[in-house]
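Hi,

Here is the structure I promised to pass on. Have a look first, then read my notes below.

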Amino acid sequence: MKLLNGYKETRSQSLSINYNNISFITKNNKSIDSIFKDNIMNNLKKNVSFWSQYWLPENEIIILHGDENDLDWMKEQLTFFNMVDGLNMRVIDSLSNGGGGGVVGEKLTTPLFWQIIGSDVGMQELKSVGMAKLTGHLYAHIAQPGFLNSVSDKHIKTTMMPSWYIEGQSDYHTICLLDGDFIENRNTFLKTAYVPDGYREKIKSASSDDWYDILCNDADFEGIPVTYEYWAGFFVYEDLVNDFGIEKIMSLTVDFANTLDFRQSIFNVLGINYNEFYLKMSKILHENAKSVVL
Ligand SMILES: [Zn+2]
């Protein structure tokens, strides 16, 4: 079954190393549920092992973990680790009960990610696919620039790549690595994907041609409207991985480090021009998108 190709490959690549160089830091060693902590640590280790094929941090990984009562502490920690930028602080200010961000030190030597899960979010919530995949998703946002810059000396930001590729890649591999049944986890993630009000009807009724227009008109985001990037990115990334294999899709990053032109890299690596690629994407989105707005 085609749907399992990338899943099997991700799982087997996640067995390559046993990574333990991780510090888990909470405010004043605040006690947290040990099952909760184990879930986070195990999830992170599997994701580090998967990404180690492409990039592995030189120094330990630091997890700063807190809830909404720890926002000031979290800001102090980010300042201490010299990880302050507008985005980190803005995300912290706007969070209430779940989310987080990944940051990498200036020289890419001190990977660190922070995670906020609200105090009212119990174990039940953590079992939800959206929450359970948070750790792996955040780690992917550390490994992605690490990988990109390990194959280039230009100091490139992942924000220069299409957001569907970056977010789809982050969600896809981490969902493959969650405990439990992959298809079930995948479908739960998609069913609970965020779709802003006002978009549901548009998505429900969009034909393949409509999708083609949507993609072409949103060229700023390299084809996928930013409001759709997670779930639409997931569908497209998943299809690419299942068709071409993970290494080929990862090598888009390597090629991009040279071209700085994603469309060119699509052609160089996959052998299809960007118009054909849009056609392929619009077909995938037409076939799949309705399942997120049922
Ligand atoms: Zn993300």
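**What I found**

H11 passes H15 in a right-handed crossing (right-handed if the near helix is turned clockwise from the far one by less than a right angle, left-handed if anticlockwise). Before going further: this is a predicted model, where local features need pLDDT of at least 70 and side-chain atom pairs count only at pLDDT 80 or more, while totals for chains, interfaces and linings use all residues. Residues are numbered from 1 along each chain as its sequence is written.

H11 covers residues 208-217 and H15 residues 274-288; their axes come within 8 Å and cross at roughly 125°. Helices (H or I, at least four residues) and strands (E, at least two) are DSSP runs numbered from the N terminus. Axes are lines fitted to C-alpha atoms, for helices over the stretch in contact, with angles from 0 to 180 degrees between N-to-C directions. H11 and H15 are therefore oblique to each other (under 35 degrees is roughly parallel, over 145 roughly antiparallel, 65 to 115 roughly perpendicular, the rest oblique).

H12 (residues 229-244) and H13 (residues 246-259) pack at about 120°, axes 6 Å apart, so this pair is oblique too. Leu240, Val241 and Phe244 of H12 meet Ile246, Lys248 and Ile249 of H13 (contact: C-beta atoms, placed from the backbone, within 7 Å).

On the strand side, S1 (residues 22-26) and S2 (residues 61-66) pair in the parallel sense over five bridges (pairing needs at least two DSSP bridges).

Cheers

Notes
Contact = placed C-beta atoms within 7 Å.
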